[in-house]
Amino acid sequence: MQSDVLIALGSNIQPRLDHLKNAVAAFKQNEEIKVVATSPIYETVPKGYLDQEDFLNMVMHIQTDLTAADLLAFCQSIEQDQKRVRTIKNGPRTIDVDILLIDEEIIDTSDLLVPHPRMHERAFVLCPAADIVGSWQVPILGQTVASLRDQLPQAEKDDVRISGFSLDL
């Protein structure tokens, strides 16, 4: 059964745009995945660990028959292919590939939490997500992506701005 999935992508190690392009290309090349829509690319002030470059962030709406576990493995393979290193929590990264939503499923395993447990706090996720799937309901929270974005503090939204970059794939 085909699932509608929301994926977040982020990079703040140069070449940031190339890392995003490579990740999107990997999704497009996977025969079990259809990329339905990609958001504009946003430039975002880092959160948590502040001594790092700004991020480029975007989200994708995909459709897939992959199980959640297989999709997670695919996302992690993209991070590995792009030499993602995890040394500092919320630190610099070549690419971050997160599953935000899978239909209206709730998944709570040791490897995967869906909906993503902090997506409702993050303008760098909600702003691009609202651009392409604003009407989607977020399970557990019972609100749409757009309404969650609108409820964020203005200071949080001010740290996220359209970048002017495009994928041109």
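The discussion below moves from the whole chain to a single residue.

Mentor: This is a predicted model, in which local features need pLDDT of at least 70, side-chain atom pairs count only at pLDDT 80 or more, and totals for chains, interfaces and linings use all residues. Residues are numbered from 1 along each chain as its sequence is written, and side-chain values use heavy atoms, with hydrogens and water left out.

Trainee: What is the radius of gyration of the protein chain?

Mentor: The radius is taken over C-alpha atoms, and the globule rule is 2.2 Å times the number of residues to the power 0.38. For 169 residues a compact globule would have a value near 15 Å, and the protein chain agrees, with 15 Å.

Trainee: Which residues of helix α3 are buried?

Mentor: Helices are DSSP runs of H or I with at least four residues, strands are runs of E with at least two, and both are numbered from the N terminus. Buried means under 20% relative accessible area, exposed over 50%, and partly exposed in between (1.4 Å probe, protein chains only). Helix α3 spans residues 123-133, and nine of its eleven residues are buried. They are Ala 123, Phe 124, Val 125, Leu 126, Cys 127, Pro 128, Ala 129, Ala 130 and Val 133.

Trainee: Is Ser 3 buried or exposed?

Mentor: Ser 3 is found in strand β1, residues 3-11. Its relative accessible area is 8%, so Ser 3 is buried.

Trainee: How many residues apart along the chain are Ser 3 and Leu 66?

Mentor: The C-alpha atoms of Ser 3 and Leu 66 are separated by 8.2 Å. Along the chain, the two residues are apart by 63 residues.
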